[in-house]
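Have a look at it first, then read along.

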Amino acid sequence: MAIVKPVSEDLFGLVRGLSSVRMDDYAVVGSYMRFGEHVREQLKDARLRIAEACAQPAKRRDNHLLWAAPGSGKTYFVEQVAASLPEIAYAELNLAKLPEADFRAGLAKAIAGGPAICLVDEVDAKPDEPWPYEALMPFLDVNLERGGGIAFVLAGSSGSTIEEFKARIRARPKGTDVLSRVPEANGWEIAPMDAGDRILVALSQMLNAASELDRPLSEVEKLALHYLAAAPHLANARQLREFAVRAVERGSARSDRIRYDDLFDSGDPENKRYWAGVMPHAEALVNSFVHVRDADARPPISRSSARPDERRPRSQLPIPATPFFGRESELEELVTLLKQDDVRLVTLTGPGGTGKTRLALKAAADLAVAFSGGVFFVALAAVRDTNAARSTVADALGLAADADLAAWLASRRVLLVLDNLEHLRGVEAVVGELLVGDTVVLATSRGPLRLSSEHEVPVEPLAREAAVELFVSRAAATGRHLAADATVREICRRLDDLPLALELAAARVRLLSPPALLQRLDASLSLLTGGARDLPERQRTLRATIEWSHDLLRADEQAAFRRLSAFRGSFTLEAAEAIADADLDQVATLVEQSLVKPLGDERFFLLETLREYAHERLDGAGERDEYALRHARWYLERLEENFPERDGPRRGEFMAWYVSEEDNLRAMLTVLTAASPTQAARAARLLFSYWKSRGAYGEARQRLRALLEDEDVPDAARAELYGLLSEIELLVGDLDASDAAARESLRLAEPGGEWHAHALLGLAINAGVRGEREEAVRLAREALEAIEDVDERQRPSFRNDVATVFQEAGLRAEARATFLQVANEARRLGDPLLIALAEGNRCWLDLLEEHDEAAESGFRAVLDLARATGHAPFEASTLRGLGLALLGLGRRDEAMAACMSALDILAAHDVTANLELTSTLHAIAFATGATEVRLAAHVVGAAVRHSAGPIQQPSELELRRRFEQPLIDALGEEEWAREQAAGATLTLDEAIELARRLAAAPPETTVPSA
């Protein structure tokens, strides 16, 4: 029987892909290795917390609970933490092996001296004895009496998770009391080793063994590593160490390579069984080696005499209190940059709170072995005189204040981390003096130093996923465990994903739930206070961090900064000059000081936290109302200028402008609604086509209703607003509200005017939807007569809408002829959107008349036009039509793909119940295969419910009858009705998610095509 499980291609791939392994890339501390990133980060966190308890004693319980599967290396891990802290005493007590008297004596001895780590292993042993936890309890409280410095680590392997481990402890006498002495955030779980872990542990132990035997070691045969990773009897760190030591002892003293044969005695039967199980796959690994890169030969680690390795370079770096999060790629790029021979000065720039210092510290720690003269951290935030910077650097190097820094540095390879330079005028001269010999400077500053040798590396806010992970992790440290849900993501977005802001906010979840925290973030700067006590005062609150940068600006730059807070989202330099009186030089300074951020398309923006601070300054200067109105009126003027071109050849250009200015346009409308309702009504009219093209029906509805509640809006403007509202109410499916708004518009509109004609057309469309064909046609023809007095450019679009009324009334020939006429007029006028709309309507007629091939070809042509216009709902509608045409042709998979593309477009915008969205859900259900018919009925039931009442457009009903009938036949009418009723209980979001599941289902047996 083979020693290994069936050949794993993944494992062979892992080993085959190894070319070199740098062991310190995987070190948690000392030579404790884990392959998985998550496990490494978790153990780094544990190590830092345990080390902090000893290095920075505080009057609090610093007890920890550590669970691991048997043999996963928990004891070795704690030993390594202790070995990395040479001034800290270490004691290890194995409860399973000690009688009561020895256990009590060992506990007393462990705390007798100074700072100490005490590992109580197999703390879950002796479940029938009452004395273990009685003896342990007083010692878990010792820090409260002594002021800290003692860290107890309670470790065990029982159960299959840390929660089961806790349950077994809790079941013992005083077990609940013991667990109450361990802070919730100090529960650690060491995951079982995987194949990659085994490889790293084995390599690590080979290096240790080689060092103990004074043997060189640089390469290990890949076949040997595959065996160590695959053999089931090598499942834990202890067994792997024994095997690794044996391999080094067997190897040739004249070679620095470990070969596969070095693992075994000659003719070992275990080796033969292994080969029988993996040939011929393993043959490809024979005589191929992985290079082991380790800066120094590793000295043996002894628990009783662990001390710093005198051969390693001197390092003076503070130990961060929290794990490194979310900047792995930036770290890799920074380390690579600093290793280059021609790089002497790197400056990390960015606004306060982005984590520049944390990134610099991590990079410096990772580079310690590359700088033989040492790595030194110099904190300059508290220094006020640039001349004092020299003596501060000298002090960090252990030199006298008047020492010749340049001479000392010239003979050494040193990395200097100079933290926070932005406030020191002329500090670049000091930095220049330090760039002698092989010295490399890594600086952090809000802006660059402007030296010729400088490489600037901007430090941006965290990526959203990393920000969420950081927030959840720091919340857990307070004892509150959170899910990485939508609320947490919104908190991170609201705080610009700034690490400092996230850490300060996470500290508040001890008292506030995430929803309550999010609600209070409108006053975020006052909320985000009370940072960790070991932070500099300027980082104890977010306000102080921002103020630090603000106070370095000149008065005119401060004025520009606060006035730029009138913008929402991003802005152009033209807008900044016109509204905020901010000239190019001032904006450049604000960008350089990381208070304003540039975008790639010559736009700029303020992080929300910075904007809030600037807005407070604007308010304090008494300028808020003035600059809010300047902002609103300037954007209204731009809207007026752009509006005539909205449907012309430059439509794409202006749609892009709307998108980039969306936040500013919202702010404009809010300000005008309060200050000038008439101007606000005009702005809403100008924005309406943009809202429609983005599918922003909910926003449009809310804005229009709010304006109509203001009695100061004049009747002419009210007629326009009611006309627009009528259209939106129809789109979201509220026919009665649409009718009421259209009638109110008709009452207020001037006879013979544009809005009089629009109100008649709205009533005609609504009558057609109700199935009142004669009334619909009568009103439509009346509207056609009224439009003759309106601007010629508006008539084709109006006739296009009238033709849809004719279509719904069954006058298809007249409708088709009108659509063709409209398309031709639109081409003459150069209106790309109207061309696409008219051609698309002809395609729907083809579909209704079951000319599916013509409909497919037509919809594909229209789709290109629709995408070019930037009109999202129209693009979705075209995709849905294409999907139904393909379904009619029996091409179900293609139909489903087209309909899902439509759903994705709609769901990416305003997910409000509307006719296009519910019609798309219907189409996805129709494209479902036979094995999922019941779920298709659920989607149809939900779509009918969210179609909001009496809207039953004849053309839509006709298409539904055609494409729904095969599904009904497949399930039976009674069963279909029951399943459809069940689907009517779904929310809109649930219906969308179910539709996505249907689309993802494998293409199995399908129902007959329509």
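**Notebook: overall numbers, then two local spots**

I began with burial: 55% of the 1010 residues of the protein chain count as buried (under 20% relative accessible area, 1.4 Å probe, protein chains only). I noted that this is a predicted model, where local features need pLDDT of at least 70 and side-chain atom pairs count only at pLDDT 80 or more, while totals for chains, interfaces and linings use all residues. Residues are numbered from 1 along each chain as its sequence is written, and side-chain values use heavy atoms, with hydrogens and water left out.

For secondary structure I found 47 helices and 20 strands (DSSP runs: H or I of at least four residues for helices, E of at least two for strands, numbered from the N terminus).

Next I picked an open, antiparallel sheet of three strands, ordered β18-β20-β19 (strands pair if DSSP finds at least two bridges between them). Its edge strands are β18 (570-572) and β19 (597-598), each pairing on one side only. I saw two antiparallel bridges between β19 and β20 (residues 603-605).

Last, I checked two helices, α36 (residues 773-786) and α37 (residues 795-808): they pack at about 165°, axes 9 Å apart (lines fitted to C-alpha atoms over the stretch in contact, angles from 0 to 180 degrees between N-to-C directions). So I logged α36 and α37 as roughly antiparallel (over 145 degrees).

Key
Buried < 20%, exposed > 50% of the residue type's maximum accessible area, 1.4 Å probe, protein only. Parallel < 35°, antiparallel > 145°, perpendicular 65-115°, else oblique.
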